[in-house]
Amino acid sequence: MLHDHDSGSVRRLIHRLRVFLKVLFRYIAFPVRLVHQLCCTLLRLYYDSRSIESRRRFQCIHTDGHPERVAGSSQPTMVLPQSLQALSSPAPASGSSGPLLPVHALPSSSNCDLQSTPAAQGNSQSQSVTTFEPFTPSDVIRYDKPPSITPDISNKYEFIDRLERDFLDAHQQDSGNWRSCVHPEGALYFHDPTRGVYTDSILQARDYRCIVDSYVDEVLALVPSELRRDAKINLELVVQSVWNHKTKTRICRYYFVDHDKHLLFWLDKLPTVKLFCGLQGVKKLSHIKYAVEHQYWQHCEMYPNQNLSCTQLLKLLKELKEVVVHASAETITTDVSLSPFDGDELAKILELINQLGDNVGGSYSVCVIARFMRYFTRAKFFNFCGLPTARLDADQTVYKKKKRNKLILALSWAFNVAMFGAPQSHMEELRRVWVDRSINSPRWKNFNSKLSNEWSSITIYSTVMVAVDVSFLAVPSVSLRNSGSVTIISTYLSIFCIVGSLVVSLFLSRQSRMYGQESADTAVQFLKKMTGSAFGTKAVATVHGLPYAMLLWGMLYFVLAFSYQVFTSTPIITLATTGSACGIVALFTLWLVCAARDFHVSTRFLVWLRASICRTDTA
């Protein structure tokens with residue numbers, strides 16, 4: 001008998017478990033699938049974000065297929081295909097540079113015998129297959145050089161010689177016409193003041209220095225004669241030798257600098273893919289000029305070897321001050337400023353300019369002026385400055401709108417309704433930041449701060465609601481009910497929704513810290529991945545609205561459970577009192593929600609009533 005009783009209990013327990021699972025599956029199948037897909041997407045984004053390399057203080061910002069540099073966050077990194085690598089590695093050095101001479105000055109022939117050693121013969125053989133190609137300052141291999149210092153147990157110099165006062169390396173003592181220079185950031189580059197040539201190639205080895213000299217001679221020999229004869233033109237040349245592992249050839253990359261026009265030029269055709277950074281609709285040379293001028297200012301920042309006279313620097317400093325003052329006034333008087341910096345940053349920039357004053361001319365002041373001019377020039381390029389279709393405020397789009405798929409629009413509307421309008425509100429904010437698929441850095445910072453505050457608040461509310469739901473389940477009148485009752489199931493669903501809101505808020509808060517204040521470029525990487533689907537930016541807005549929507553669904557499920565518990569087990573007097581109070585609260589809540597969404601029932605009712613009276617009088 002005892003055995004039969006135990007078997008019956010097990011069968012009843014199994015039957016109840018089946019009923020519970022069936023009801024549970026019926027109510028939460030769709031939310032579970034939605035949460036599962038969301039978690040998979042967030043995990044994929046998390047692992048993708050770990051592969052993004054950290055940038056320098058000023059980094060390049062990429063838009064969706066349209067990379068862009070936005071001021072105020074980081075320093076542009078130099079991108080180069082994997083097949084191209086620098087021939088040599090950097091080494092610390094210091095040195096001074098002489099006065100700059102135009103590139104058309106008579107080049108000094110190399111006084112090196114390339115065939116003096118077997119290594120030199122090999123170099124001369126590889127030199128015969130050297131190809132020349134144009135490039136830009138953004139492609140100079142400086143910030144992406146691989147590490148080359150071996151952490152030995154003992155240092156090379158255990159003692160310092162007596163009376164040592166020079167502390168010069170070998171390449172500083174004997175570098176021919178080349179002078180080693182140190183950038184204010186610490187980078188080592190070389191300058192030939194006789195021919196006006198710069199290079200980031202490390203010229204420590206004499207044989208390699210001879211090869212670079214031969215490259216320079218070959219490039220200078222290709223300069224048109226009219227440029228060589230005109231002594232008034234202030235030109236410079238930048239070269240860099242790299243090795244192509246696929247074709248087993250050396251590549252000498254070069255560009256010329258015209259300081260009088262603040263532009264670069266080349267002897268060969270230059271592809272515009274990297275120069276335009278993916279910006280679409282570039283059709284005018286006057287527009288392309290800003291992209292080339294941006295590269296010019298980057299050159300001045302990378303090689304600040306007094307390539308501008310004091311008179312030119314004072315003129316540029318005055319121009320920069322006017323630009324900053326205008327941007328500051330625009331930022332103060334309007335919230336749609338196109339400035340790449342916000343108000344606080346502009347105030348700091350203006351303070352730096354005032355501190356420079358008339359004390360300009362050194363490499364540090366050249367770097368400061370060139371860096372700020374570069375950002376303002378890049379902003380002009382991306383805003384189509386000087387064209388009939390120029391962007392005049394941060395909310396303005398310059399591209400024609402494409403027709404949306406009706407199915408996508410219907411699904412977006414359904415998601416918006418199911419999520420209580422959260423995607424639509426986030427979409428409006430996102431459109432102010434993600435204009436023409438490019439980011440405005442000051443707006444992105446404000447947008448990210450708002451999102452962080454919202455998700456932090458939702459995390460607190462979710463934690464409180466979880467405690468409320470669990471406490472509600474512990475009430476004796478609730479715990480004694482059947483496990484398949486509306487009260488129990490609604491409370492379970494409420495807990496699931498609240499926990500989902502809490503988890504998503506934590507994930508999004510972490511992403512906000514990663515893609516927010518410090519690195520706007522990684523924020524663009526995130527937006528590119530999220531907007532790559534058929535839903536576009538609506539997908540990002542939907543993800544941002546998930547914590548709010550799931551929190552509200554959890555509250556609604558709790559209200560349903562609580563209401564069912566109250567209205568099914570109370571006397572008529574209590575039911576009438578609580579029902580009236582519940583109705584009044586619901587009425588005022590709906591009134592507030594409708595008013596916040598600019599949906600006024602009374603106004604619409606009056607309009608309908610007046611129209612009905614007019615029709616009646618007419619009839």
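**Exercise 1. Determine how helix H8 and helix H9 cross and which residues form their contact.**

Step 1. The crossing of H8 with H9 is left-handed; a crossing has this hand if the near helix is turned anticlockwise from the far one by less than a right angle, and is right-handed if clockwise. Helices (H or I, at least four residues) and strands (E, at least two) are DSSP runs numbered from the N terminus. The model is predicted, with local features requiring pLDDT of at least 70, side-chain atom pairs counting only at pLDDT 80 or more, and totals for chains, interfaces and linings using all residues. Residues are numbered from 1 along each chain as its sequence is written, and side-chain values use heavy atoms, with hydrogens and water left out.

Step 2. H8 spans residues 310-333 and H9 residues 343-356; their axes come within 10 Å and cross at roughly 155°. Axes are lines fitted to C-alpha atoms, for helices over the stretch in contact, and angles run from 0 to 180 degrees between N-to-C directions.

Step 3. Angles under 35 degrees count as roughly parallel, over 145 as roughly antiparallel, 65 to 115 as roughly perpendicular and the rest as oblique. H8 and H9 are therefore roughly antiparallel to each other.

Step 4. On the H8 side, the contact (heavy atoms within 4.5 Å) includes Leu317, Leu320, Lys321 and Val324. Among the H9 partners are Gly343, Leu346, Ile349 and Leu350. By class, this contact has ten nonpolar, four polar and one charged residues. Ala, Val, Leu, Ile, Met, Phe, Trp, Tyr, Cys and Pro count as nonpolar, Asp, Glu, Lys and Arg as charged, and the others, Gly among them, as polar.

**Exercise 2. Describe how H17 packs with H13 and with H12.**

Step 1. H13 (residues 441-473) and H17 (residues 537-567) pack at about 25°, with axes 10 Å apart. These two helices are therefore roughly parallel, and H13 passes H17 in a left-handed crossing.

Step 2. H13 contributes residues including Phe447, Leu451, Trp455 and Phe472, while H17 contributes, among others, His544, Tyr548, Phe558 and Gln565. The residues of this contact divide into 15 nonpolar, three polar and two charged.

Step 3. H12 (residues 422-433) and H17 have axes that come within 8 Å and cross at roughly 125°. That angle makes H12 oblique to H17, and the crossing is right-handed.

Step 4. Ala422, Pro423, His426, Met427 and Leu430 of H12 take part, and the H17 residues include Thr537, His544 and Tyr548. The contact of H12 with H17 divides into seven nonpolar, five polar and one charged.

**Exercise 3. Locate His183 and identify its contacts.**

Step 1. His183 lies in the loop between strand S5 (179-182) and strand S6 (188-192). At 4% relative accessibility, His183 counts as buried.

Step 2. Leaving aside neighbours within four places in sequence, His183 is in contact with Arg142, Tyr189, Glu301, Met302, Pro304 and Cys367.

Methods:
Buried means under 20% relative accessible area, exposed over 50%, partly exposed in between (1.4 Å probe, protein chains only).
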